Structure formats: C-alpha cells, structure tokens
Amino acid sequence: MTQPLDLQAVSAHYGTTKVLEDLSLSVQAGELVSLLGASGCGKTTTLRLIAGFLTPTTGSIQLGGRDLTRLPTHKRDIGLVFQNYALFPHLSVLDNVAFGLKQRGMTPAERRKRAMAMLERVGLAPLADRAPGALSGGQKQRVALARALVIEPPLLMFDEPLSNLDAKLRVDMRVEIRQLQRSNGTTSVYVTHDQEEAFSISDRVAIMNAGRLMQFDRPEVLYRRPANTFVARFVGFENILPFKVIARDGDMVTAETAGMTLRLSQAVYGAIPDTFLLATRPDGLVVSTDPTAEGLPAQLGLRTYLGRAYQYQCETAAGHLIANGSLTTPLEAGTNVKLVPMPEQCTILASEGGR
Amino acid sequence: MSDRPHFLLIAVAALVYLFLMLPLVIVVGAALSDTTYLTFPPQGLSLRWFENIFEISAFRRTIITSLQIALLGTLIALLIGIPAAYALNRFRIELPKWLGTLFVLPILVPEIVFGFALLKSFTVGTGAPIFLSLLIGHTLIVLPYVVRVISASLASFDFSIEEAAISLGSAPVKTFFTIVLPNVRAGVIAAFILAFITSLNDVSVSLFLTGPGISTLPIQILAHVEQFFDPTVASVSVLLMFLTVAVMAVVERTLGLTFLAK
C-alpha cells in the first residue's frame, strides 16, 4: 500500500504571482519527508498541489506511477491531517473516522469494525460516540489522524498538525505520529515551520524559501553540512565569515580573514575553493582570554545567559559575531578576547554574490 | 450590592414593554368588538369579524396568494441564495468585492423605487402574468436577507472541513450536501423564516405589482380600510400576528431562538 511520490519541475501561481518555482522532489515509498520553511515559502502550496486543491501551472505529480497532476482531489486517495483538525462537527467521533470508508462503499458493519479498530490504535475507542466538540486538542488531532489512516492511503500528508497544541503535547504527539507512520509504512509529507519538529521525525527534510527548494537531505546532513548560506543561517550557523586561501599544502589549506589565519583539511571539508565562506554556530567559536591564542580579535558586547552557556555579542574586524563562552568565567562587556573557530564545528560554503 | 435589578430599571423596562405591546392590545381588543366600526375598548365580545374574513372572498384569495408567494419566493431565494452565499464565502479572496454588495442591493434601493422599476421594466415591458411578477419581485426583495443570513453562518464555517471530506473521497457536490449544508442548517432555517415573514408583510413592492384579480393580503387590507371601517381589518391583523407567533413558537421549540441572534 506504500508508494513513492514524485514531483517534477512543478511551478504554481496565484494570479500572476509565482509562489512555487520549478520544484522537483522525490519521496521514496514509506519515507517521511518534511517541508520546512517560514510562512510564504511555498510549503503549504506544495502540499495543496499534491492534494489537488491547487493545480500546477507547469510540471507533473506522480504517486506510485499514477499521474495526479490533473486528477480531482476526491480521486487521489490521499490522507490529510489539518492544522485545525477539520473534524466534521455534526458527526460523532466514530462517524468521523468511518467517513472515508463510507465513500468507498463499505458496509456499515465493516466500517464500524475498521473505524473502531483504528480508534483503538490511537487510544480513543472509549470516546467513539462523543461529538468532536467535546474533545481536547490532542484528542481531536488523534481522531483526525485515525480518520486519515483508516482509508489506508498510499500517501499521508500533514499540514502543521501540531501548531495548535501546547509544547509538551506537541512532543508527545510527534512521537506518536512517527510511530504510527513507521508501523504502517505509509509514504508521508509533513509540512511545518518548526525545525526541531521536522528534524526529529523526518527521514529527509526539504528546506524551502521564497517558492524554491533550498536543500533536500537527511536532518543530520542539513544540520552539519548546509549547502548554502540560507540553510546555514536557518539551522543556526549564525557566524558566516568570508575567507581567502593564501596557501595550499597538499591536503591542507591555509586561509585568511581580517588578520586571522586558519588551517583546514580538505579531507574533512571536501575541495576548498580559493574564496569561500566559513560558517559556525555560536558554540563553534571559543571565547579565549589568552592573548597568544590563534584567533580573531574581538571586543565583547552584551552577555546573555542561555543556561548551558553565556552568549556574547562580539565586535570584530570581520563584523558582528555571536559566540558562546563557558559558565565558569563570565566576562564583562568591553573585554578584549580572541574568537577561535573549532574546525570540527565549522562548515564551508561557496561564496555567493552579495549576502 | 443587591442581586435584584434597580426598581427604576424595572420601571423603564416595563414602560418600554407597555409601549411595544399597547398597540397590539388595542388591535386585539378592536378585533373582538361586536360593533360594526373600529373601536377601543371593545363593546361587546364577538368572533364575527374573524368569521367575516373568510366570508369576504378577496381576503380568502389574498391569504392564499400571500402564502403561495411567500413560500415559493422564499424557496427560490434559498435556491439562488445558498449557492451564492457559499461562493461568496468560499472564494472570498478570488472574487471581486463588489459582488457581495450586488446581492444586498435590493434592500439598499428604496422599496418604492424598486417596485416601480420592476413594474416599468418587467410587468409592462414583457407583459408577464401578475402572479409571476409578484413572485419575481418578492424573490428579489428577500434574496438579500437569505444571502446575508447564510453568509453569516458560513463565515464561521471552516472550509478545511470541506477539504477534509473531499480528500477522503467525497465528490465536491456531494460534500456540499453532506458536510457543508448540515453545518449551516440553523442559518438556512433562520433565512427561511426571515424571508418568509418579509415577503408576507411586504407592501411597497406588492403595491406596484398587484393587479386585476390578484393581490396580496397586506394590499387587500389597505384596500379594505379605504372602503370599510369595520373591525375585519383588526381581525386579519390578529390572525397574521398569531401566524407569526406560531412560526416562532415552532422554531423556539425545535431549535431555540438564540440562533436567530447569531
């Protein structure tokens, strides 16, 4: 019952505004892929295109070899879970879950049996006769999940399903969603703006911006090796410094910025071009008070307390940087320090025209 | 602080109610009078003027015409108004703003002007039968109420519910009937009642569109008052009043009146 999804060069317009540009995305059978990005990035548009609520201007959408591009929504056989649950207010919990089965011409007895079994799986069987209005947010989303899963769709899609729940429940629910998805092996597309949520439950994540796909990879790769400055900033590489290579010695490369030189191994970073950007998270810059340290001279500004570290706003010749310092020695604003990049926590990006 | 309302508040409320109810009391009283002219307080008690309504054939006919027009006009307005309200709400972003205004135009134009325009352009222009003219006129004046009331109901309807049903395999038209309509049922009933009562009570538009042989009850009442001064008019009014109260009572018992206030 599990099928691959394939989007080929899909573009979409609202009127004359281009909201999605040339998106190609392949989701393997049984895989859970998240579309991640800020509002307006095109992730919801993509979901609505796959669901059939929108029609692409160009490109094609295939599900397990079936061409969905022009197929009406009700014939696509896709399970959808909405942000606001979208339960039928005038039907009981059981009838909500059985609705899709009814459309498939199943007998009332069979519908009841399957819907009850599904409610059992999400732990809501005792509430089968309730009205949706009498349920809590978490329970509503479980009903919505059961309703989408019970039709055994080849593709399951989630549109910010946890945004209306409180933080604790959100974490519990996402684990539950992942477990159900895993055990069913249903190909899934999950739309969210929450990076942690996307990274924690996805096999792969597609990071989108302004209607374009920025990077599509496993969370581990996105987190450690972003492909461009947008993704780098998105996943927390707040310091991005332009470097110039000044010497090459076999595998090792020496590069320089604002009076600081670094030696980097191409075995770790891959081929390093003559000019590149070095990106680090605040954790990747060591705040050193040792004046002989090999690092970027900086003057500390505002200090904030993060719980696991102190964070400093720093002024350097290379611009404004953010670094985390140890909890044992809080430093005052105005202190002159060296910022030492830790090579294992840095990544290299190609220079881009403008920032 | 006492939980009981201030006596001044009670007094003012009582005065307001008295002011509202007094004309009705006078009408009921006059209707029951045994005299051959309108008078209050009633002199003698009699139901003869109620019998008289049904003895005058013009009243019999116009009551039936009024009910027919109100019922048919309301049903046609619902048939046009429900899809219109649905489209206006469902495609609010895509549709031009003036389209919504178009549907309320008939109540923005003074009814007298509207009736006259219909007479000139339709009845005289096409030579259409009077009943048809009346029906079209009434459909048009109740349509804005239907569109507005059902729009209000749809405004709080979450269209992702409809999308959920479609994604589960229900065809769009079927979804409208099984999912959308049951959730705006209260709005539809409210629109029906409002439209029915508006049509039943309409004078201005009917005045222009009635003609030889066919008239509506309010127009017949006017015509009767011009010639006779007997309590029949009061009896008809009481009859209309009780009809309205009966409709409201049925609604109250089945749905509760609170939804009308929504």
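Predicted model: local features only at pLDDT ≥ 70, side-chain atom pairs only at ≥ 80, totals over all residues.
Local features need pLDDT of at least 70 and side-chain atom pairs count only at pLDDT 80 or more, while totals for chains, interfaces and linings use all residues. Residues are numbered from 1 along each chain as its sequence is written, chains are lettered from A in the order in which they are written, and side-chain values use heavy atoms, with hydrogens and water left out.

The domain assignment, which comes from an automatic or database source, divides chain A into domain 1 (5–232) and domain 2 (236–350), and the centres of these domains, taken over C-alpha atoms, lie 40 Å apart.

| Interface | Buried area | Share on carbon and sulfur |
|---|---|---|
| Chain A and chain B | about 1600 Å² | 63% |
| Domain 1 and domain 2 of chain A | about 760 Å² | 48% |

Buried area here is the accessible area (1.4 Å probe) that two parts lose on being put together, summed over both. Of the area that chain A buries against chain B, A:His74, A:His90 and A:Gln103 supply 33%, more than any other three residues.

Counting contact as heavy atoms within 4.5 Å, 19 residues of chain A touch 18 residues of chain B, whereas 8 residues of domain 1 of chain A touch 11 residues of domain 2 of chain A.

For a salt bridge, a side-chain nitrogen of Lys or Arg must be within 4 Å of a carboxyl oxygen of Asp or Glu. Between chain A and chain B the rule finds 1 salt bridge; A:Arg48 forms a salt bridge with B:Glu163, with the closest N and O atoms 2.6 Å apart. Between the two domains of chain A the rule finds 0 salt bridges.
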